[in-house]
Amino acid sequence: MIPDAVQAGKEALRQGRLQEAIQLFEGYLSQSRQQDKALGIPADSSDGEALEAQMNLVRAYHQLGQTEKARSLCLELLQHPNPQAQGWAKKILLRLPTATESLAAPSAKPVEPRSAPPEEPSPGAGSLSTRQRAAQLGMKIPLPERAGPLHWAKWGSLGVGIVFLWWLSFVLVGSHLDFGRLSFPRQLWFLQGLLPWLRNGLRWLVAGSLAVNFGVGLLFFAPWLMDQLHQRLHKLRWARLGEIERHSPETARLLQRICAQNQLKQPRLGVIPDAGPLAFVYGTFSDGCRIVVTQALLQQLSEDEIAAVYAQALGRIVNGDILVMTLLGSPIQLVYLALEQVSKLGEGRGQSRRRDLIGHVAPLLYLIYTVLSYPLFFLSRLGTYHADHFAVQATGNPNGLIAALLKSAAGLQEAHKNDRRPSSLLHCTRLFSFLDFKTIAAASAAARLQDPSQAGQVFLWDQINPWARWMQVNSSHPLPGHRFKVLAGYGERLRLLPELSLGSGSKLDVARLQSRFWLDLAIYAAEVVGILIGWLVGLILYLLLQNRLDPKVIAAAAVVGYGMGLWAKAGLMYGGSLPARPTDVLSLLADPDADPRRGQWVELEGELVGLGPSGYQLGAELKLQEATGLIPVRFTSPLGPVGNVFSGLKRIRALVGRRVKVVGWFRRGNTAWVDLAYVQVGSNKLHSRPRLWLVVFGLGVILLGIWGAFYFPNLASYLRRW
């Protein structure tokens, strides 16, 4: 009966029932030793069944994270007379962390750091980490208040997606179906009044059937679609666990343990040869997900940081939000694939107007792709908080995840600063990545600091400025300051010294920021306010003079209000007088008082980077590389976006790669940027005209509204028909 316990333990271990396997192996070994002692058999001469039980018990301890017990048992096997058992134990010991200090008592003394595994790191992987770790894996940590219930967010997003798909199927197919010949027999003449309802119901039923079939198809084909996208555009290749293990043995152990605990099939592992450190995850079934990283992430991050990134990705799989995200987000990837194909047609040699015009279609597709992605931002932000929480509990290493985010932000910004058009890898993985590349400016600047205690000032804007809560709507992930504060809170609960010192902002006048926020918001959205005021004025005029005015006066007044709002923005958002204040990028990012409305009149010196020689100007980003960081700068032709496409950016492109002085209005939202006033090289200046463009465009809109009030056909006759 005793060998049966070994077989049952092996089966439990294979199925991931680790606690049951440990109990069976420990029970068998205890009974076996008692029998050997009773028979006078030496303890180190156990039979093959006992040896197999010991080796499987080491595996169970290892997968469950009980590394001290696994190590102790391996040390016993080193004394075993079987040379194969000794060799096996030596091999396993190299994969286990060294002994940690005793578990911390419930006192204020912080836990000593867990030393890193003795295995040599791969070239370029950095030194082995000695940062503090939790003394015990799987410690329960409460979620922060800002991380709402993920369950409702998943089902809510899925429900909205189903309704939208159903409506789209009705508009494209169902509404065009003709059931005019459908009728009831004469005997059922009293049901004739239900015919219109029945016909419409059949149209919606057909639309629903199409929506269901399309959704089921996405369940199976969405991961394949994204596989093809990344293989085609980014040279994705699939890797074995051993390749990842060479860079981070901890990651291999983590994957095996988490998958065993949650009874998951190991995710498919991918690597992309990109110079920026990035990781993302996708899949519609928990047993068929993919975790993909760039080669730069494996090379630039340390072992425990790589493990933290993989744990975060596993969290999105276990929590299930990435499954919904892939199902809803994969069709949007088709838009990005079309974008890439169109943009390639606009590249090439020569100045063909046709090629240039085709190249400018791509920004329109890029705009469509961005707009379609917005509804998924809320679920992505919420899923990120829950995945971070999962990663901290799985690794006991919040500091490793903080360091990974900082290094990745700096590495991505450096690797893609010279992109001549938006990076397809960054954009089409934005919803599935572990960070938002749009908000990495502050984290990148903080990563450059020699003194980590100064980094807290950089993230004060995210934490206390009232604009942060509104601007986060434009971000697919939580703002870095919010995210780092939550991770630092996890570290405090685990009694770990923080990787990043975050300021409290207690000395700042938060009340003053709050008091002026609503007025600044009204000015920043002046065109929207103008539409509302214009509509209200037009409605009042129409009600007072109903016998003399046509309802079109309401629409005309709203259009005029929009133009007046643009004029208000031109006057209130672009003030400033020479000389501008010389400063640097780090100082600007560390200012918690900044906002997108009150532009600071600043002067920066550095190298212009980022704008390529081909078409695609609307989607490309001009940036200034300064000693303390990188910041986008926005050039505006007097003719606005049209002038940028056909003339303005062609003049400024000649300055790319040169050291320049830029003067303009610094603004801060979910990202930071400078609205250019002019760029200076030597004594030559190239002027940007954002204020002039608002004035000219606003005047055009006002004239359009006035013309519509007098010459547009009256609406009263059309309204009577309805």
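Reply: Buried means under 20% relative accessible area, exposed over 50%, and partly exposed in between, with a 1.4 Å probe and protein chains only. This is a predicted model, where local features need pLDDT of at least 70, side-chain atom pairs count only at pLDDT 80 or more, and totals for chains, interfaces and linings use all residues. Residues are numbered from 1 along each chain as its sequence is written, and side-chain values use heavy atoms, with hydrogens and water left out.

Me: OK, so is Cys-259 buried or exposed?

Reply: Cys-259 counts as buried because its relative accessibility is 6%. Cys-289 is buried too, with a relative accessible area of 2%.

Me: On to holes. How many cavities of 30 Å³ or more?

Reply: Seven. On a 1 Å grid over the protein atoms alone, a cavity is a set of points where a 1.4 Å probe fits but cannot get out; a pocket is an open set with protein on both sides within 12 Å along at least five of seven lines; lining residues have an atom within 4 Å of a point. Points are joined across faces, edges and corners, and a volume is the space filled by probe spheres set on them.

Me: What's the volume of the second largest cavity, and which element gives the largest share of its lining?

Reply: About 110 Å³. The largest share comes from α22, with three residues. Helices here are DSSP runs of H or I, at least four residues, and strands are runs of E, at least two, numbered from the N terminus. Residues lining this second largest cavity include Asp-436, His-477 and Arg-483.

Me: And the second largest pocket, what volume does that have?

Reply: About 950 Å³. Of its 32 lining residues, the closest to the centre are Gly-161, Phe-164, Leu-165, Leu-328 and Pro-331. α7 gives the most to that lining, twelve residues.

Me: Which helix has a kink centred on Phe-517?

Reply: That's α23, and the kink is about 40°, where the bend at a residue is the angle between axes fitted to the seven residues ending there and the seven starting there.

Me: Which residues of α23 are buried?

Reply: Leu-513, Arg-516, Phe-517, Asp-520, Leu-521 and Ile-523.
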